[in-house]
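I opened this model to take notes on its ligand site, its sheets and its domains. The entries below follow the order in which I looked things up.

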Amino acid sequence: MIELQDIKKGFGDKEILKGVSAVMESGKVNLIIGSSGSGKTVMMKCMVGLIEVDAGIIKYDGQNFSGMDNQQRKEIRQKIGMLFQGSALFDSMTVEQNVMFPLDMFGTGSYRDKKKRVAECLERVNLKDAAKKFPAEISGGMKKRVGIARAIVLNPKYLFCDEPNSGLDPQTSLLIDQLIKELTLEYNITTVINTHDMNTVMESGDHIVYMYQGQKQWEGTNKDIVFSNDQLLNDFIFASEFLREAKEMRQTELYSSGKWKEETKREAPGNGGEQKK
Ligand SMILES: Nc1ncnc2c1ncn2[C@@H]1O[C@H](COP(=O)(O)OP(=O)(O)O)[C@@H](O)[C@H]1O
Ligand SMILES: [Mg+2]
């Protein structure tokens with residue numbers, strides 16, 4: 001579990017994160033959603049320590065990451081896998097070499113062990129046959145899968161993905177979402193995804209944090225979301241007539257299946273209660 005307690009971050013005199021508290025739950029896909037510029041990437045960078053927070057505390061499974069020295073942080077960092085926006089593969093390396101890279105940097109064990117681990121990961125993301133190809137020779141969806149294989153090669157406990165579906169068609173996006181979700185459950189990873197893809201929200205949103213102008217506006221599951229009265233959240237998620245209709249259908253479906261009743265308590269005061277004009 002990753003806990004954020006009253007995180008603040010500004011650049012110059014511009015306040016970007018205005019005191020965010022949230023929890024990223026273990027073994028789940030946690031989504032950070034919100035419009036462009038709401039602070040999702042900054043928040044993720046704070047979580048992994050690429051950006052220092054100005055105030056507040058970030059804890060990894062109870063350990064205060066914010067208060068750690070570099071050596072202690074290194075131990076946490078080695079348990080973190082990251083899938084960067086645009087995959088960020090090395091163009092001059094083959095698929096296999098790209099996935100090998102973290103093992104060469106941080107891994108222990110023999111060359112044979114490493115090769116075996118790379119083969120396992122490529123197999124897992126269904127890319128065994130592309131091992132010897134270069135990034136320029138494969139599709140966008142395949143590149144993402146290479147990025148995912150590289151992110152999991154060190155068996156991370158925490159996985160961060162910044163906009164994993166950017167630039168992908170809807171069908172490929174769905175496959176990437178499914179893959180991330182499967183891996184999260186299979187290896188009990190605490191996964192954090194930044195996204196503004198509504199399909200992801202509806203398919204993988206076990207735990208969702210909605211950011212609005214540097215603040216957490218709402219938090220809940222994708223079941224809660226269809227019953228939420230938070231106006232900003234509704235405007236963001238159900239932006240079109242088509243989506244508003246889909247929302248009503250989902251409500252009916254959840255009501256009649258009885259699935260929602262047990263999980264009704266989320267919309268507590270202060271969780272989307274104080275709406276900005
Ligand atoms: N290194 C930086 N220096 C100054 N401003 C930044 C920096 N990084 C992000 N910002 C600003 O912070 C705000 C939030 O950005 P970001 O977290 O990237 O939004 P999102 O990922 O939700 O689209 C934006 O206004 C952006 O311009
Ligand atoms: Mg971003």
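**Ligand shell**

I began with the shell around ligand 1, where helix 1 (residues 40-48) gives the most, with three residues. I note here that the model is a predicted one. I listed the residues that surround ligand 1: Phe11, Ile16, Gly34, Ser36, Gly37, Ser38, Gly39, Lys40, Thr41 and Val42. I then sorted this shell by class and got three nonpolar, six polar and one charged.

**Ile16**

Ile16 has its place in strand 2. Is Ile16 buried or exposed, or something in between? I counted 19 C-beta neighbours inside 10 Å, so Ile16 goes down as partly exposed. A residue needs 20 or more to be called buried.

I looked up what Ile16 touches, leaving out residues up to four places away in sequence, and found Lys9, Gly10, Phe11, Gly39, Val42 and Gly214. For Gly214, I checked the separation: 198 residues in sequence, but 5.3 Å in space from C-alpha to C-alpha.

Which order do the strands of the four-stranded open sheet take? I read it as 2-1-4-5, with antiparallel pairing. Strand 2 (14-24) and strand 5 (63-64) have a single partner strand each and stand at the edges, so one side of each is left without a neighbour in the sheet.

I followed the pairing of strand 1 with strand 4 (residues 55-60), which is antiparallel and runs over five bridges. Glu3 has Lys59 in strand 4 as its bridge partner.

I also looked up Gln5, which sits in strand 1 (residues 2-11). Gln5 has 16 C-beta neighbours inside 10 Å and therefore counts as partly exposed. Leaving out residues up to four places away in sequence, I found Gln5 touching Ser21, Gly56 and Ile57.

**Strand 3**

I turned to strand 3 (residues 29-33) and found it mostly covered, with five of its five residues buried. Val29, Leu31 and Ile33 point one way, Asn30 and Ile32 point the other way, and all are buried.

Which strands does strand 3 join? Strand 3 runs parallel to strand 8 (residues 190-195), and five bridges join the two. Ile33 stands opposite Thr195 in strand 8. Strand 3 also runs parallel to strand 9, with four bridges between them. There the bridge partner of Leu31 is Ile208.

**Helix 3**

I listed the buried residues of helix 3 (residues 95-106): Val95, Glu96, Asn98, Val99, Met100, Pro102 and Leu103. An α-helix has 3.6 residues a turn, so residues three or four places apart point the same way. I then asked what covers the buried residues of helix 3. The cover includes helix 4 (111-124) and helix 5 (140-152).

**Domains**

I noted the division of the protein into domain 1 (2-220) and domain 2 (221-265). Their C-alpha centres lie 27 Å apart. In the contact between them, 13 residues of domain 1 meet ten residues of domain 2.

On the side of domain 1 that touches domain 2, helix 7 (198-204), strand 9 (207-212) and strand 10 (215-220) each supply at least two residues. Strand 9 gives the most to this side, with four residues. By class, I recorded seven nonpolar, five polar and one charged residues there.

**Whole protein**

The protein has ten helices and ten strands. Its radius of gyration is 19 Å, close to the 19 Å that the globule rule gives for 277 residues, so the protein is as compact as a globular protein of that length. Along the principal axes, the C-alpha atoms fill a box of roughly 55 × 40 × 35 Å.

I looked up burial over the 277 residues and found that 38% count as buried. Of the contacts with a separation of 6 or more, 69% come from residues 24 or more positions apart.

Technical notes
Residues numbered from 1 in each chain as written. Chains lettered and ligands numbered in written order. Predicted model: local features only at pLDDT ≥ 70, side-chain atom pairs only at ≥ 80, totals over all residues. Rg over C-alpha atoms; globule rule 2.2 N^0.38 Å. Buried ≥ 20, exposed ≤ 12 C-beta atoms within 10 Å, placed from the backbone. Contact = placed C-beta atoms within 7 Å. Domains from an automatic or database assignment. Nonpolar A, V, L, I, M, F, W, Y, C, P; charged D, E, K, R; others polar. Pairing = 2+ DSSP bridges. Near = placed C-beta within 6 Å.
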